[in-house]
Amino acid sequence: MKKYNFNAGPSILPDVVLEAAAKAIIDFDGTGLSLLSISHRTPEFEAVVADAKNLFRELLSIPENYHIFFVGGGASTQFFHIPANFLKGKAGYVDTGVWTKKAIKEAKKYGEVEIVASSADKNYNYIPKGYTIPEDLDYFYICANNTIYGTEYKVDLDSPVPMIADMSSDILSRPVDVSKYALIYGGAQKNLAPAGVTFVIVRDDMLQRVVRELPTMVNVNTHVENNSMFNTPPVFPIYVLRETLKWMKAEGGLEEIYRRNVEKAALLYDEIDRNSLFRGTVEKEDRSLMNICFVMTEGNEDLAPEFLEFAKSRGMVGIKGHRLVGGFRASCYNACPKESVEALVACMQEFEQMHK
Ligand SMILES: *Cc1c(COP(=O)(O)O)cnc(C)c1O
């Protein structure tokens with residue numbers, strides 16, 4: 001049976017990317033050797049890293065005064081790398097759920113944390129607005145897309161202090177004004193690659209702002225100076241990331257990908273709003289394009305397990321909501337085809353008919 005992959009992460013990658021990755025495991029770029037069995041310091045692999053950086057810069061329009069590097073450890077390692085490098089006095093965090101709470105917990109080990117705003121009062125179903133970012137912060141921190149709750153910032157904020165963003169689950173899904181940020185980072189396993197590689201985009205002046213003596217691997221300068229090659233980088237995920245970026249460019253670049261994401265999300269949100277059995281969980285203006293959360297309407301809650309089973313029988317994969325929100329979550333990352341969203345919508349419509 002055809003499967004429609006809505007997994008939240010690790011998640012769907014384009015078929016052509018998987019094919020290229022499979023091939024490289026056997027014969028890496030015509031070297032006659034497996035990608036898994038070569039030195040990362042060969043010219044062929046150095047070209048992959050250079051390519052990945054160039055494509056990243058081109059697709060996201062990253063200005064010249066920003067560095068890009070790839071490193072292991074996942075986004076969760078950056079939760080402490082960021083305060084270790086940049087927090088001396090006080091940092092400001094917007095609390096939008098699990099991923100910022102984890103980042104806040106780590107930051108508190110290095111300095112004072114001010115919660116500038118929070119949406120905890122409504123189980124994180126919106127993005128806080130209308131606050132002022134204090135000027136006495138070492139940096140201001142947000143999570144751009146809250147994978148678990150399905151909320152997403154729709155504007156690049158103006159911050160009087162360096163702004164840092166976790167873009168693990170919406171990187172390269174929409175245009176971003178990179179110049180508004182001092183540092184953007186994320187685990188690549190949601191939209192770009194298999195698990196194992198983290199991307200960091202850092203503005204040049206931040207390299208002089210490191211506030212303490214640090215272990216070499218923790219210092220941001222190490223990875224910039226050594227071009228992601230201080231130690232053995234995650235070779236395979238970086239290769240796949242490069243292939244995903246090539247795919248994005250061939251598909252028409254970020255503008256076209258964004259257009260598709262808007263189209264897919266509209267299809268599904270329209271059905272959620274129309275269908276009498278389902279409702280959205282997030283304030284409409286903050287709805288994520290990537291992680292689309294919904295539940296059964298009041299009085300129909302008991303139908304949730306039946307809908308999950310029904311959707312599964314129609315080939316839907318990964319639509320069970322996170323336990324903190326319940327209900328359903330369809331993650332519609334870049335590689336998720338419109339056809340998958342149409343299949344889910346059809347499934348919801350059929351389910352509604354069955355319960356008329
Ligand atoms: C998945 C996720 C993380 C955690 O990433 P790891 O690479 O597993 O550490 C952090 N932030 C956001 C927004 C995520 O979606």
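Accessible areas here come from the Shrake-Rupley method with a 1.4 Å probe, and for residues only the protein chains shown count as cover. On that basis the accessible surface of the protein comes to about 14800 Å², of which 50% belongs to carbon and sulfur atoms. The structure is a predicted model, in which local features need pLDDT of at least 70 and side-chain atom pairs count only at pLDDT 80 or more, while totals for chains, interfaces and linings use all residues. Residues are numbered from 1 along each chain as its sequence is written, and side-chain values use heavy atoms, with hydrogens and water left out.

**Overall build**

- The protein has 9 helices and 14 strands; these are DSSP runs numbered from the N terminus, with helices (H or I) of at least four residues and strands (E) of at least two.
- The C-alpha trace spans about 65 × 55 × 30 Å along the principal axes of the protein.
- The radius of gyration of the protein is 21 Å, which agrees with the value near 21 Å for a compact globule of 356 residues. That radius is taken over C-alpha atoms, and the globule rule is 2.2 Å times the number of residues to the power 0.38.
- Of the 356 residues in the protein, 57% are buried. Buried means under 20% relative accessible area, exposed means over 50%, and partly exposed lies in between (1.4 Å probe, protein chains only).
- Among contacts with a separation of 6 or more, 67% are between residues 24 or more positions apart; a contact means heavy atoms within 4.5 Å.

**Charges**

- The protein has 39 positive and 47 negative charges, and their mean positions are 3 Å apart.
- Lys and Arg count as positive and Asp and Glu as negative, with His and the chain ends not counted. Each charge is placed at NZ of Lys, CZ of Arg, CG of Asp or CD of Glu.

**Cysteines**

- A disulfide is a covalent bond between the sulfur atoms of two cysteines.
- A search of the whole structure finds 0 disulfides, the criterion being a pair of cysteine sulfur atoms within 2.5 Å.
- The closest cysteine sulfur to that of C293 is in C332, at 10 Å, which is too far for a bond.
- C336 is likewise in no disulfide, and the nearest cysteine sulfur, that of C332, is 4.6 Å away.
- C293 is buried because its relative accessible area is 4%, and C336 is buried with 2%.

**Helices α3 and α4**

- Helix α4 covers residues 98-107, and its buried residues include V98, T100, A103, I104, E106 and A107.
- The buried residues of α4 pack against α3 (74-86), β3 (90-95), β4 (112-118) and β5 (140-143).
- H81 lies in helix α3 and is buried, with a relative accessible area of 10%.
- Not counting residues up to four places away in sequence, H81 touches M217 and V218.

**Backbone features in loops**

- G9 and P10 are joined by a cis peptide bond with omega of about -10°. P10 is in the loop between β1 (4-5) and α1 (15-26).
- D29, a residue other than glycine, has a positive phi near 45°. D29 is in the loop between α1 and α2 (43-60) and counts as partly exposed, at 43% relative accessibility.
- S228, also a residue other than glycine, has a positive phi near 65°. S228 is in the loop between α5 (220-225) and α6 (235-250) and counts as buried, at 2% relative accessibility.
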